[in-house]
Amino acid sequence: MVTVADNSQVKLTRKDFQSSQEVRWCPGCGDYAILATVQRFLPSLGIPKENIVFISGIGCSSRFPYYMSTYGFHTIHGRAPAIASGVKIANPKLNVWVVTGDGDSLSIGGNHLIHALRRNVNLKILLFNNRIYGLTKGQYSPTSEAGKKTKSSPFGSVDHPFSPASVALGAEATFVARSIDRDAKHLEEMLAQLAAHEGSGLLEIFQNCNVFNDGAYVHFTEKDVKDSMQLRVEHGKPFLFANGTKGIRFGGARGFDPEIVTVGEGGVPLSEVAVHDETEATGALAFMLSKVQPPTFPMPIGVFRKVQRPVYEEQVHAQIAQVTKARGEGTIRQLLTSGETWRVD
Amino acid sequence: MSTASDDVTTPHDGGKPHRALEGAVIRFSGDSGDGMQLTGTQFTNTAAVLGNDLATFPDFPAEIRAPAGTTFGVSGFQLNFSSRNIFTPGDQPDVLVAMNPAALKVNLPDLKMGGILIINEDAFTKQNLDRAGYDDNPLHSGVLSHYRMFSIPISTQTDAALKETGLSFKEVQRAKNFWTLGLLYYLYGRPLEHTLKFIEDKFRAKEDVALGNRLALKAGYMYGEVSEIFQEIYDIPKAQLEPGLYRNMTGNVATAWGALAASKKAGIPLFYGSYPITPASDVLHTLSRYKHFGAITFQAEDEIAAVTSAIGAAFAGQLAITGSSGPGIALKGEAIGLAAMVELPLVILNVQRGGPSTGLPTKTEQADLLQAMYGRNGECPVPIVAASTPSDCFIMMMEACRLALKYMVPVFLLTDGYLANGSEPWRIPEDDELPDVQGHFLTEKPEGEFHPYLRNEETLARVWPLPGTPGMEHRIGGLEKSFTSGHISYDPENHEKMTWVRQEKVDRIANDIPLAHVDGSREGGKLLMLGWGSTYGAIHQAVNLARAEGLDVSHMHLKYLNPFPRNFEDVLRKFDKVVVPEMNNGQLRRLVRDKFLIPAIGLNKIQGKPFKVEEILACIKRELA
């Protein structure tokens, strides 16, 4: 068996993570920005690149592993979380990343995504959400807005979309975050938090498909609306946006309906604004963040949820170690002669 | 009448005359809740320890607890035990135990004329007779006059024997299978020790139940001794078996143990990805108990995750196996293609059952051979091996692992429901009899530019560099690869070449497997019976019987179905006629015709049941007439 060297601090640069393969996404695709950010970010982990594995399914985003100079596996549609689970369980010392899209992980591969998250396999899942099928040239996806006109929905889609973060939270994910392709600084911060988390984590990245769904996110990513339409959440900090002039508090008839309030002069005191707690027990706070969106609310980005739970593969190996310690390591001879046997002379 | 006490082990035989028999076939049958599988297994294990050769055939319904008393809820366990070498669980039972009218109705047509019929008459109530569809009570209508019937109030007897135990009525009635087993032990002069020990171990936590079962077992035995219903008891001496250490073995356990042995032999940890499915689940259950062998069992969220997690484990350097039955294999098809494309070792176990679709989950069939051969998109050859007997599953699993690791390919192992649940005595192999299973990891970067599709010139296997090894970082995937660099390639000539490489790699395995063995005349003759898989016993015995009658017939049984053994075509051409008995609609026959243009003839049975020896013997006689 191979033994993996300790992830002792090694000095690598962005260039060390670039493979020899020519990057072949459409010019202007949001994937370029994400790739660059990931390559810039990885050296900060200090992990030797032979211990890093990128695993993807099928779709535009799933070409990602070919452009990384780490170990990589471009698999089949929707199955990346299951293959990655096999890799991570087989060798827990590897640092395993999954790159997937909204069609790959939420449609054909929905089952694998939810179960990898439920088990808490220590996988870092990057979900590039462009709300469209790009590689098959423009059909609506499970995150496309209802009514969307696409090649396969010329009269508007009658499919109701869901939020990847909501799905992840429903699946008992221990880490759920969201970022934006073009916000390199925020994305890098989210990658760092995801990498540091012990357990499975889903990072949804709003990614622009400039060919089939251009401008899907401009209403909250453009410079002029960014401040007023993004809610950048941080653990322990109040839900403020629009330069701190607006906030979200819980109120309404039931006392827990999110509502936008003006903060400070002419509005409510800061103390009335809800404060983010990524460890909140029921996950309701994170779920609220996964659901609210423009035009009624600003778009939340940041870490929605981060909790600790035993990691799947560690438990698998601990059980093996425990039983082996109790029974001694098995041998073929012991196996074959165990239980009832008799001799014929 | 004496009552059973709890302090003796095997009581006296009552001084009745003993008659020696060569062997006997017993079928236990009852409601699926009557514990007939347990009863049959206990009789089997006792017979095995006494040195009989044996073969078993459990036959149970898909419903866990079908409505009581109905014919579709009948569960059966047939056992053939003998002082001679035997190869099948027997065509017709000599003894039928029927615990209720439905069991009688379903099984009576199989009982030998003049055979022994043991009946629990307490269960022949109006309600049960109605449920089984009997208008008249067969115990009194005369329809059973051709059999030696012993109609016994088994429920009442069990009740009487257990009345002091304080067990509830329900618990007492649950012990009637042990009462029946005791009676059969008496009839065949079997000691009770083995089953007494089993009861002690199994019901360790429930002392009152253990006591009840012990009392019932002994009471059944005593009843045989004192009631005078049997005029004689039967001795079935030890069989002449090859010297060695033996154990009883079922196919699914042998399959699981083969995987553990392969893992140990290769020094590579086992990863078994599976999703529960009948009749393959016992492999998952068995492997999950062997954590101290380093075995990882991953109960996946679905069949696709079961195979893909295994592929991930193979990429990371483990001995990867996924197991299922036909419907699950259908779901794994795309992923098996991926394993073929990225050239990673993977064993796919198919414990076949009746199909298509959900089909007959608990019944046996061999109808997934063409699925294994062709059931993927594109040109995707996959080696196929098949086990012939329950214990053969052990060696063939090791063989599947050996080939997968050596040639860096996915390999199919085909067994079936009949092998999976059937059992036979197995001579435990010595270390030097085990296949040489080895992994060929590339641990150091070779000179020059590294790419992951560097090949072994002889086997054409690609290298297996593991994530975590410095200097060999690489990317693989389902897109076509350039033969030289391993990078994505859409080049037309390259695709044709790679298709050829994947085929050639499989074809070269023919140089690495044993030649096909012929029982009978190696020089050829009038008729060759060609089989594969679990039909081995029935064909073997039928051919032996036919040859004893002077008929010119031989038997060849394939364990390697893709590629075929090197001598396969030569052997086929030496015979005037080739007949292929299969539990399908002619799948191996089709492959033989397709590959060699030999007009092979089919003998096909698609009833969810194994062949009877007489069915094959009749075919031999027909073809030679």
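Start by selecting B:Phe81 and B:Tyr188: both are buried. Keep in mind that this is a predicted model. B:Phe81 sits in strand S4 (residues 74–82) of chain B, and B:Tyr188 in the loop between helix H7 (176–187) and helix H8 (193–202) of chain B, so this pair ties together parts that are 107 residues apart in sequence.

A:Trp25 belongs to the segment before helix H1 (30–41) of chain A, while A:Phe64 is in the loop between strand S1 (52–56) and strand S2 (71–74) of chain A, 39 residues apart. Both A:Trp25 and A:Phe64 are buried. Now widen the selection: A:Trp25 and A:Phe64 belong to one aromatic cluster along with A:Tyr32, A:Phe41, A:Phe54, A:Tyr67, A:Trp97 and A:Phe128.

Two charge-over-ring spots are worth a click. B:Lys497 lies over the face of B:Phe483, at 3.9 Å from the ring centre. B:Arg462 does likewise over B:Tyr453, at 5.2 Å from the ring centre.

Next, show both chains and colour the interface. How many residues does the contact take from chain A and from chain B? Chain A gives 62 residues and chain B gives 74. The area buried between them is about 5600 Å², with carbon and sulfur atoms giving 65%. On the chain A side, pick A:Tyr71, A:Leu335 and A:Trp342, which lose the most area to chain B, together 15% of what that side buries.

For the polar side of this interface, there are 27 residue pairs in polar contact between chain A and chain B. On the chain A side, helix H10 (312–327) gives the most, with 8 residues. The interface also has 3 salt bridges. One to select is A:Arg333 with B:Asp431, at 2.8 Å, N to O.

Select B:Arg19 and B:Glu232, whose side chains meet at 3.0 Å, N to O. B:Arg19 is in strand S1 (residues 18–20) of chain B and B:Glu232 in the loop between helix H9 (207–226) and strand S8 (233–235) of chain B, so the bridge ties together parts 213 residues apart in sequence. B:Arg19 is partly exposed at 39% relative accessibility, and B:Glu232 is partly exposed at 22%.

For a local case, go to B:Lys197 and B:Asp201, with closest N and O atoms 3.0 Å apart. Both lie in helix H8 of chain B, 4 residues apart, about one turn of the helix.

Then try B:Glu623 and B:Lys577, bridged at 2.8 Å, N to O. B:Glu623 is in helix H21 (residues 613–624) of chain B and B:Lys577 in strand S24 (residues 575–582) of chain B, 46 residues apart. Is B:Glu623 buried or exposed? B:Glu623 has a relative accessible area of 19%, and the cut-off for buried is under 20%, so B:Glu623 counts as buried. B:Lys577, at 28%, is partly exposed.

Finish with B:Glu399, B:Arg402, B:Lys406 and B:Asp512, joined into one network by salt bridges that share partners.

Note on methods: Residues numbered from 1 in each chain as written. Chains lettered and ligands numbered in written order. Predicted model: local features only at pLDDT ≥ 70, side-chain atom pairs only at ≥ 80, totals over all residues. Heavy atoms only, no water. Helix = DSSP H or I, 4+ residues; strand = E, 2+ residues; numbered from the N terminus. Buried < 20%, exposed > 50% of the residue type's maximum accessible area, 1.4 Å probe, protein only. Phe/Tyr/Trp six-rings, centres within 6.5 Å; stacked < 30°, edge-to-face > 60°. Lys NZ or Arg CZ within 6 Å of the ring centre and 35° of its normal. Contact = heavy atoms within 4.5 Å. Buried area = accessible area lost by both parts, 1.4 Å probe. Salt bridge = Lys/Arg side-chain N within 4 Å of Asp/Glu carboxyl O. Polar contact = N/O pair within 3.5 Å; in protein donor to acceptor, adjacent residues only side chain to side chain.
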